[in-house]
Structure formats: structure tokens, C-alpha cells
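Subject: Structure handover

Hello,

Here is the structure for you to look through. My notes on its charged residues follow below.

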Amino acid sequence: MTSIVAPVSGVCIPVQQVKDPAFAGEMLGKGVAIEPTEGCLYAPADCEVSAVADTKHALGLTLLNGAELLIHVGIDTMRLNGKCFKPQVKKGQRVKQGDLLLKFDLKKIEKQGYDTVVPIVVTNYDEFGTLQCNTGTVATGDEIITID
């Protein structure tokens, strides 16, 4: 069993409640989303950074068990073209759970009119057994997903 912890503090909701059809319809993967209360994103498990979006708003992570995670800060935030986002990691970098991955300016993103919800989805969920998701108020480091 592999645990994925909250990469940011806030309120954790089912991904189906995200106001974006691709995430809500689980087209990008299964998981949860967090309505963040802070602007720092931390590694949700020991993993390798497999992608950093050119627009800096999303990260791809590969966990030790092969699970592939997509963490996407906000909805339609690629339109900000990297403004408000400061990646702290590079593609290919190995990180430990709790390492700082990305800083983002929550207030500026909100001011620009974007939803700041942070979907955390397992994109290759079909390669695994059960995905268990927890919801409610979470602090960085609280378990949010377990994969069998």
C-alpha cells in the first residue's frame, strides 16, 4: 500500500466536485482536490519529478511504486503563463515527502479571477487496485489517498 499525503493545507474535496469537466469527469485521473489556504506545494510522497509545465502551474510526479500523479494548481491557470508560480524543482529531480515543490501566489491568482483549487490525481490509476480517498480539512502531510 502507498500513501499520498496532502501537498498543501486546505479543504480536501472529491475530484468530481472540481469546476472543470476534465477533472470532474476523471478524464485526467482519479483522486481528490484541495481548496488551498497557503501558497506552498510540498511533495506528497517520495518521488521523481517527471514534468514541470512550461506555464509552471502543474507538476507530474512518479512515485516509487510507479503511480503517476498530476498536481495542477488552479483551473485554467495556464493562461497566467507562469506568473504567480515559482517551481522549486526541475524535471528528473528526486524528492522526499515534504520537500518544497512549488510556491504560488494564492492572492494574486484569486485576484485575477481564477479558481485556486488544486486537483491531485493518479493518472495511471487503472494499473493499480483500489484507490481510497479522504476528504475534509487537511494539513500538509495528512494522508489523502492510499493506493493498493
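**Charged residues**

Lys96 counts as exposed, at 54% relative accessibility; buried means under 20% relative accessible area, exposed over 50%, and partly exposed in between (1.4 Å probe, protein chains only). This is a predicted model, in which local features need pLDDT of at least 70, side-chain atom pairs count only at pLDDT 80 or more, and totals for chains, interfaces and linings use all residues. Residues are numbered from 1 along each chain as its sequence is written, and side-chain values use heavy atoms, leaving out hydrogens and water.

Lys96 pairs with Asp46 in a salt bridge (a side-chain nitrogen of Lys or Arg within 4 Å of a carboxyl oxygen of Asp or Glu). Their closest N and O atoms are 4.0 Å apart. This pair links distant parts of the chain, 50 residues apart: Lys96 lies in the loop between strand 9 (94–95) and strand 10 (100–104), and Asp46 in the loop between strand 4 (40–42) and strand 5 (47–52). Strands (E, at least two residues) and helices (H or I, at least four) are DSSP runs, numbered from the N terminus. Asp46 is partly exposed, at 30%.

How many salt bridges does the structure hold? There are 3. Another joins Glu48 to Arg94, with the closest N and O atoms 3.6 Å apart. Glu48 sits in strand 5 and Arg94 in strand 9, 46 residues apart. Glu48 is partly exposed at 27%, whereas Arg94 is exposed at 63%. Lys30 also forms a salt bridge, with Glu26, at 3.0 Å between the closest N and O atoms.

Regards
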